[in-house]
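Here are some friendly notes to read alongside the model. Please keep the picture open and find each part as it comes up.

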Amino acid sequence: MNQDQLLLKLKEIITPYVQNEEALKDLSEDTDFIKDLEINSANLVDVVLDVEDEFDIVIENEDMEKMLNVKASLAVIKEKLNA
Amino acid sequence: MKTKKITKEEILNLLPYKRPFLFVDEILTLNEEQIVAQYTFRQDEFFYEGHFVDSPITPGVILTECMAQIGLASLGLYLIRDSVKNKAPDVAMTSNEVNYYKLVLPGEKVVVTAIKEYFRFNKLKSKVEMVNDSGTLVAKGFVSGMVIKY
């Protein structure tokens, strides 16, 4: 899966939890889940659990703490997929 | 990893609620996967005076609160017992989805069973079910909550 495909998958996963839909339209690597997309912390957990299911990977606490924006999340997913 | 032993009474004492907003009397079953606990709605609960005028009925939000105090706060305290000293952490309910099936009148006892769906990254989601004294389903659904600060 290349970077664009990963980003598309991630976008699908986060969409149900996004409160700021305008920011979703301009989704980029710099998009912050909480500040830009206004996802709350409980739904951030749901995003991570959905990422685990979608990519069949296990996210640890320290990974979760990093996954606050698109760029960091893609990095964690890629690292797990290649592990 | 060695886990701390904690009794059902200790969990009750740790709950960050008191009357008139405590809706757990006794924990009957408690383990890593589920909790069963009961509460009897007193004749003089504060909300009966206004809900409804001349016709006291337990509000649905209170039934949900009761299920959350059992299925989230009580079960959650048990799950994080290793990090709890003598005070419950700050917690918050983050979502619920509940259907109601039967009225609960003043004086009625309810029994709540909550089964853990998951507890990950400080978020607990539980499947909850409330029955009345004759075993009839009163309310059923899902509640979620988070530890905000230990």
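1. How many helices and strands does the secondary structure of chain B come to? Chain B comes to 2 helices and 6 strands; here helices (H or I, at least four residues) and strands (E, at least two) are DSSP runs, numbered from the N terminus. Read along the sequence, the pattern in chain B is α-β-β-α-β-β-β-β.

2. Before going further, a word on what you are looking at. This is a predicted model, in which local features need pLDDT of at least 70 and side-chain atom pairs count only at pLDDT 80 or more, while totals for chains, interfaces and linings use all residues. Residues are numbered from 1 along each chain as its sequence is written, and chains are lettered from A and ligands numbered from 1 in the order in which they are written.

3. Now for the sheet in chain B. Its 6 strands form an open sheet in the order β1-β2-β4-β5-β6-β3, with antiparallel pairing; two strands pair if DSSP finds at least two bridges between them. The edge strands of chain B are β1 (26-30) and β3, each pairing on one side only. From one strand to the next, the twist averages 20 degrees; angles run from 0 to 180 degrees between N-to-C directions, and the axes are lines fitted to C-alpha atoms, for helices over the stretch in contact.

4. Which residues are on the covered face of β2(B), and which are on the uncovered one? Ile35(B), Ala37(B) and Tyr39(B) make up the covered face of β2(B), while Gln34(B), Val36(B), Gln38(B) and Thr40(B) make up the uncovered one.

5. β5(B) and β6(B) pair antiparallel over 9 bridges, with Lys123(B) standing opposite Met146(B) in β6(B). These two strands form a hairpin with 4 residues between them, and Gly135(B) in its turn has a positive phi of about 85 degrees. β6(B) also pairs antiparallel with β3(B), over 10 bridges; there, Val91(B) has Val147(B) in β6(B) as its bridge partner.

6. Chain A has another make-up: its secondary structure comes to 5 helices and 0 strands. Leu74(A) belongs to helix α5 (residues 70-82) of chain A. Leaving aside neighbours within four places in sequence, Leu74(A) is in contact with Leu6(A), Leu7(A) and Leu10(A); two residues are in contact if their C-beta atoms, placed from the backbone, lie within 7 Å.

7. Is Leu74(A) buried, exposed or partly exposed? Leu74(A) is partly exposed, because 17 other C-beta atoms lie within 10 Å. The cut-offs are these: a residue is buried if 20 or more other C-beta atoms lie within 10 Å of its own, exposed if 12 or fewer, and partly exposed in between, with C-beta atoms placed from the backbone. Of the 83 residues of chain A, 24% count as buried, and of the 150 residues of chain B, 29% do.

8. Where do the chains meet? In total, 7 residues of chain B are in contact with 7 residues of chain A. On the side of chain B that touches chain A, β3 (90-100) and β6 (137-149) of chain B each supply at least two residues. The residues of that side divide into 2 nonpolar, 3 polar and 2 charged; Ala, Val, Leu, Ile, Met, Phe, Trp, Tyr, Cys and Pro count as nonpolar, Asp, Glu, Lys and Arg as charged, and the others, Gly among them, as polar. Helix α3 (residues 41-55) of chain A lies across β3, β4, β5 (123-132) and β6 of chain B, and runs at about 100 degrees to β6(B).
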